[in-house]
Amino acid sequence: LGMYGGASSMTAAHMHYPGLDNTLVVALAEGDKVTECSLKTCRAEDLLDMRFGAYPLSSKVVIRSEILKEVIGDFEGLTDKVRFAITPNEVIWSGTGVSAECRMTIPSRADAFFYYECSRETDSQFLLNHLNLATKTASRETTEKGTLRTNSEGMLSIQHSVRTSDQGPTCAVDFVCLPLVDDDI
């Protein structure tokens, strides 16, 4: 508890956790000040294994994170579905709303990409909300690059290498987005 107070300080901690699906209570006391935090816990769901790697990789591009975030952000308020197509020559993002259509094309040789490889064209549609969640961790302060991978089933993997601090380790945050099927559209 030395990090909460100096050697001469009277610091105490109390934790109470009755078990699964209950509230974890943590109390820190220093002198006459008490800080109490209650966290509701729940049983973790089993992880869903989407088996992205079980299907042949169609493309892999490494893009500047700020560009990826800006492209996804441009669809906000326009549509709830975004089409993502990748060819050996370009990446195409498009969406249609009630009163407008948006289409962005980034050539494979653009400065937006650090790396570009496409062995098979893919064209899939995704929910904008899922893409927003996948790009939420990308910011200029924490990550410079994002990796977009597609497989033969049309799945999209978005991965960011996130710096935890200036001197700290880099962590990978990986999102797998399932494409919408005709019944979803």
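# Close-up views of a predicted model

View 1. Tyr 115 is partly exposed, with a relative accessibility of 37%. Here, buried means under 20% relative accessible area and exposed means over 50%, with partly exposed in between (1.4 Å probe, protein chains only). The model is predicted, and local features need pLDDT of at least 70, side-chain atom pairs count only at pLDDT 80 or more, and totals for chains, interfaces and linings use all residues. Residues are numbered from 1 along each chain as its sequence is written, and side-chain values use heavy atoms, with hydrogens and water left out. Tyr 115 belongs to strand 8. Helices (H or I, at least four residues) and strands (E, at least two) are DSSP runs, numbered from the N terminus. Leaving out residues up to four places away in sequence, Tyr 115 touches Lys 60, Val 61 and Val 62; contact means heavy atoms within 4.5 Å.

**View 2. Tyr 116, a buried residue of strand 8.** Tyr 116 also sits in strand 8, and at 18% relative accessibility Tyr 116 counts as buried. Not counting residues up to four places away in sequence, the residues that Tyr 116 touches are Lys 60, Val 61, Ile 86, Thr 87, Pro 88, Asn 89, Glu 90, Val 91 and Ser 108. One of these partners, Val 91, is 25 residues from Tyr 116 along the chain. The C-alpha atoms of that pair, Tyr 116 and Val 91, are separated by 9.9 Å.

**View 3. Ser 108 in its loop.** Look for Ser 108 in the loop that runs between strand 7 (101-107) and strand 8 (113-118). Ser 108 counts as buried because its relative accessibility is 18%. Setting aside neighbours within four places in sequence, Ser 108 is in contact with Pro 88, Asn 89, Glu 90, Phe 113 and Tyr 116.

**View 4. Thr 79, on the way from helix 1 to strand 5.** Thr 79 is placed in the loop between helix 1 and strand 5, and Thr 79 counts as buried at 15% relative accessibility. Beyond residues up to four places away in sequence, Thr 79 touches Gly 95, Thr 96, Gly 97 and Leu 128. Ser 99 lies 20 residues from Thr 79 along the chain, and their C-alpha atoms are separated by 9.9 Å.

View 5. On the surface, Glu 66, Glu 70, Asp 74 and Glu 144 gather in a patch of negative charge. Patches are made of residues with over 30% relative accessible area and no salt bridge, with like charges joined within 9 Å and nonpolar side chains (Val, Leu, Ile, Met, Phe, Trp, Tyr) within 5 Å. Lys and Arg count as positive, Asp and Glu as negative, and His and the chain ends are not counted. Each charge is placed at NZ of Lys, CZ of Arg, CG of Asp or CD of Glu. Asp 74 is found in the loop between helix 1 (65-73) and strand 5 (81-86), and is partly exposed with a relative accessible area of 43%. Gly 73 is in helix 1 and counts as partly exposed at 36% relative accessibility. Along the chain, Gly 73 and Leu 131 are 58 residues apart, while 9.4 Å separates their C-alpha atoms.

View 6. Side chains of opposite charge can pair when their charged atoms come close. A search of the whole structure finds 1 salt bridge, meaning a side-chain nitrogen of Lys or Arg within 4 Å of a carboxyl oxygen of Asp or Glu. Asp 123 forms a salt bridge with Arg 83, with the closest N and O atoms 2.8 Å apart. Asp 123 lies in strand 9 (residues 122-127) and Arg 83 in strand 5, so the pair ties together parts that are 40 residues apart in sequence. Asp 123 is partly exposed at 48% relative accessible area, and Arg 83 counts as partly exposed at 26% relative accessibility.

**View 7. Stepping back to the whole protein.** The protein has 2 helices and 12 strands, and from the N terminus on its elements run β-β-β-β-α-β-β-β-β-β-α-β-β-β. Of its 185 residues, 32% count as buried. Among contacts with a separation of 6 or more, 53% are accounted for by residues 24 or more positions apart.

Key. Accessible areas come from the Shrake-Rupley method with a 1.4 Å probe; for residues, only the protein chains shown count as cover.
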